[in-house]
Amino acid sequence: EGHARRGAPAETMPHWMVERVDPVRLLVRKGFVPNMRTDAMVFATEGLAKLLFSEMKNSSGPMMPALKQVANVAGMPGIVGMSLGMPDIHCGYGFAIGNVCAVDTSDPDAVVSPGGVGFDINCGVRLLRTNLKEADVHPVKDALATALFKNIPVGTGTTGGIWLDESELVEMMKEGMPYLVKRKLVWKEDMEHCEEHGHLEWADPSKVSSRAIKRGYTQVGTMGAGNHYCEVQVVDEIFAPEAARVMGITEVGQICVMIHSGSRGLGHQVCTDYLVKVDQEVKRLPFKLNDRQLACARISSPLGKDYLGAMAAAANFAFCNRSIMAARARKAFEQVFKKPPEMLDMHVIYDVCHNIAKFEEHTVNGQKKRVLVHRKGATRAFPPGHPDVPHCYREIGQPVLIGGSMGTFSYVLTGTQKAMEESFGSTCHGAGREMSRSEATRSFQSSDVRKDMAARGIVVKAGNNGLLSEEAKGAYKNVTQVVETCHEAGISKLCFRLRPLVVVKG
């Protein structure tokens, strides 16, 4: 074991090639694992790093510890810059969750890896504001929880979404949110406040299997299970009043609605289908990967293009899924408050992707390059002035939505130029698991989790009460430590904090 050459002298490193650069950065040098093409960087305070090191020391089973996974990703063909780990990082399939990697599209060997996007393609978060105050919601929390639960179908394998036949679903996957606007299912202005305007233009539904399409027929507008949710939240603290005001947040006590979901069974099937295909493809490629779960295909290859087209189609499905969930949340508020959502000012603040691979332009070693950025469990964080940031946010930077673990704070930050320079315009995406689901189930009782939230004034509606233990706050890292790390590193800046009042889960 070695010690950091720079930084806190008391901190013990798990390996001499892991070095603390400053209070919020760990450098993992090339050579930490075989076949690294570049270094890796993890944004972590000493406290968060201890969790990483503990995972590394105690890991067992098929999943590698996150620190090794970030280093393995540094060996991906075509990688530029460093493999990056966000403060909420934890082990995942192939890539760690919280891992960012960019590959140079001009490199003929550059690859795309389904494990670098994840199973829940475009899992993401949407935030709506309202003109309601906490005092308006407090007397009707139970009624509001019931209305949301009735309007938004929840649970694994959920049906009850808007019904689409195959031709309609294919059209929606191709067009994304513009399809819903055309059918007058959502507000037109919602689209302007979404990453990529709710539409990845290279989507190719013909590359999505019939099995995946079948799984998506009845799931548009449904939550799912796991860590997905719809929460009624109250603004608890404002750190940057001017930026918050641009987003329509004017005071502490203002009510918002946060929605967290993705591409449901359709996206999961797309990932599963292509993992099988790339596992065969990678055996024919002339490079070595440290982990079979990193199986990939060259971007320029027919298989690489097919995966990117199918992934984008699933991402468009996810944008539409959150859009219909938002429409149903508006309906629930209208039922409870007896006012149309327009009068309640229920506008979308923003919608962000968490699991995605996208073509973007970044400066690498002083040169502008078109790169494919894998963000798995990470959020885009583009700075003020960037052309891909909506005009209304151009002066403050892109809103960055960070959902906390169940019953804890959530945060809104803004993107920065530092993120563009250091992390390919990326930052964290949430709290990040500290325990596996099975470990959480052994450690917490769902009844105790419910009682704890009730004691803090939080109303919970769940499709499966037995699964609340999996999402207990103790199973996750401290989201405040995570976002403060990003703020200190300069890869996103704190804007305001949200506290949950109503939680609807699968």
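**Figure 1. Strands E14 and E15 pair in this predicted model.** Strand E15 covers residues 367–376. E14 and E15 run antiparallel, and ten bridges join them. Strands of a sheet pair through backbone hydrogen bonds, in either a parallel or an antiparallel way.

**Figure 2. Seven strands make up an open sheet.** Read across the sheet, the order is E3-E4-E5-E6-E7-E15-E14. The pairing is mixed. Strand E3 (18–22) stands at one edge and strand E14 (355–364) at the other. Each has a single partner strand, so one side of each lacks a neighbour in the sheet. On average, neighbouring strands are turned by 25° against each other, direction ignored.

**Figure 3. Helix H1 packs on the sheet.** H1 spans residues 46–58. The helix touches four strands: E3, E4 (25–28), E5 (40–43) and E6 (79–90). The direction of H1 makes about 95° with that of E6.

**Figure 4. Helix H1 also meets helix H2.** H2 consists of residues 66–73. The axes of H1 and H2 come within 7 Å and cross at roughly 90°. H1 is therefore roughly perpendicular to H2. From H1, the contact uses Leu52, Phe53, Glu55 and Met56. From H2, Ala66, Leu67 and Lys68 take part. By class, the contact has five nonpolar residues, no polar ones and two charged ones.

**Figure 5. Helices H10 and H11 pack against each other.** H10 runs over residues 264–281 and H11 over residues 302–337. Their axes lie 9 Å apart, at an angle of about 170°. Angles over 145 degrees count as roughly antiparallel, and H10 and H11 are therefore roughly antiparallel to each other. The crossing of H10 past H11 is left-handed. H10 contributes Arg264, Leu266, Gly267, Val270, Tyr274, Lys277, Val278 and Glu281 to the contact. H11 contributes Leu303, Asp306, Tyr307, Ala310, Met311, Ala314, Phe317 and Asn321. The residues of this contact divide into ten nonpolar, two polar and four charged.

**Figure 6. Helix H11 has a contact with helix H4 as well.** H4 is formed by residues 141–151. The axes of H4 and H11 come within 9 Å and cross at roughly 140°. The two helices are therefore oblique to each other. H4 passes H11 in a right-handed crossing. On the H4 side, the contact is made by Ala143, Leu144, Ala147, Leu148 and Asn151. On the H11 side, Arg328, Ala329, Lys331, Ala332, Phe333, Gln335, Val336 and Phe337 take part. Nine residues of the contact are nonpolar, two are polar and two are charged.

Figure 7. Along its principal axes, the C-alpha trace spans about 60 × 55 × 45 Å.

Technical notes. Residues are numbered from 1 along each chain as its sequence is written. This is a predicted model: local features need pLDDT of at least 70, side-chain atom pairs count only at pLDDT 80 or more; totals for chains, interfaces and linings use all residues. Side-chain values use heavy atoms; hydrogens and water are left out. Axes are lines fitted to C-alpha atoms, for helices over the stretch in contact, and angles run from 0 to 180 degrees between N-to-C directions. Angles under 35 degrees count as roughly parallel, over 145 as roughly antiparallel, 65 to 115 as roughly perpendicular and the rest as oblique. A crossing is left-handed if the near helix is turned anticlockwise from the far one by less than a right angle, and right-handed if clockwise. Contact means heavy atoms within 4.5 Å. Ala, Val, Leu, Ile, Met, Phe, Trp, Tyr, Cys and Pro count as nonpolar, Asp, Glu, Lys and Arg as charged, and the others, Gly among them, as polar. Two strands pair if DSSP finds at least two bridges between them.
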